[in-house]
Amino acid sequence: MRFCRFFADPIHPGDARLTADASRLGVVRGDGIHDVTAVLDALPALRWPFPREDQVIANFATLRPRMEDLADKSPAIPLAKVRLLSPVANPNKILLGVANYPEHVAATKKQPREHGMFIKATSALVGASEGVELRNTERLTVHETELAIIIGKKGTNIPKERAFDYILGYSIGMDITMRGDETPSYNKSFDTFGVLGPWVVTREEITQPNNLDIRLWLNGELRQDETTSRMVLDVPSMIEFASSVMTLYPGDIFMTGNPKGASRIAPGDMMLAEIESIGRMEVAVRAEKKS
Ligand code: MN
């Protein structure tokens, strides 16, 4: 299954309503989205303190058959007519792989496990249609295009042999990064610097996550062209590594590291990211409007 979160009205990038409660839950079939927002009535009523996990992901086993059923009965909205938000609304955390392709191991002279991981603030998370906003246009900011794992089940110290049990699905992740001497958590956590989309493809549709082509075009020019088969730590190893430090929660997002070819982005640019078996998404770059 493919599911997304979207906003159906005509709306412009950067519009505050994109992140408002008016977002819809959709099942994606072909070029159409079926609005299944009504299934959210099945979510448990919650009171503070709220659970740490994303509630759609945590309750996905209950919601999924209802989503399929409602999608059968509801008309398709053309994909081109909606604006895509991050398919995960409330992740507990966004983890980022470091130096997970051979070129970056060579450049840093350290293996991924020696680097550890980066963390991106969850407030940086956006969907494809929200676009990337640059606050410091004079600084070098680059695109990074990464396979994103969506965690489906709470766990810690997960052995890699059981790692797939903890995966709900996959998305395209864009780890937008301002280069410089500040800490990576700061450079990667500007609002809009975590793009997730265009939807989540559930695990059973992607049997070989460790062998997917990844591409990024900037203004129509191919800049990144890689396969996840060249990742140093594969998908189960990354889950084992991350969960050896911290508990993973349903809805956690793990971007598995950037392939070679990151390049500068500037206001007016259009990025097109594609991962085999997931799909493609266009993401626009703009400058922050100074008021
Ligand atoms: Mn990255």
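These legends describe close-up views of aromatic rings in a predicted model.

**View 1. The Phe3–Phe60 pair.** The structure holds three aromatic pairs. Phe3 belongs to strand E1 (residues 2-7) and Phe60 to helix H2 (residues 60-73), so the contact ties together parts that are 57 residues apart in sequence. Phe3 is buried, at 0% relative accessibility. Phe60 is buried too, with a relative accessible area of 5%.

**View 2. The Phe190–Phe193 pair.** The ring centres of Phe190 and Phe193 lie 5.1 Å apart. Their planes meet at 45°, so this pair is tilted. Phe190 has a relative accessible area of 13% and counts as buried. Phe193 is buried, at 2%.

**View 3. The cluster of Tyr186, Phe190 and Phe193.** Ring pairs join these three residues into a cluster.

**View 4. Lys153 over Tyr166.** Here a lysine faces an aromatic ring. Lys153 lies over the face of Tyr166. The distance to the ring centre is 4.6 Å.

**View 5. Arg280 over Trp217.** The ring of Trp217 has the charged end of Arg280 over it. That charged end sits 5.4 Å from the ring centre.

How values were computed: Residues numbered from 1 in each chain as written. Predicted model: local features only at pLDDT ≥ 70, side-chain atom pairs only at ≥ 80, totals over all residues. Heavy atoms only, no water. Phe/Tyr/Trp six-rings, centres within 6.5 Å; stacked < 30°, edge-to-face > 60°. Helix = DSSP H or I, 4+ residues; strand = E, 2+ residues; numbered from the N terminus. Buried < 20%, exposed > 50% of the residue type's maximum accessible area, 1.4 Å probe, protein only. Lys NZ or Arg CZ within 6 Å of the ring centre and 35° of its normal.
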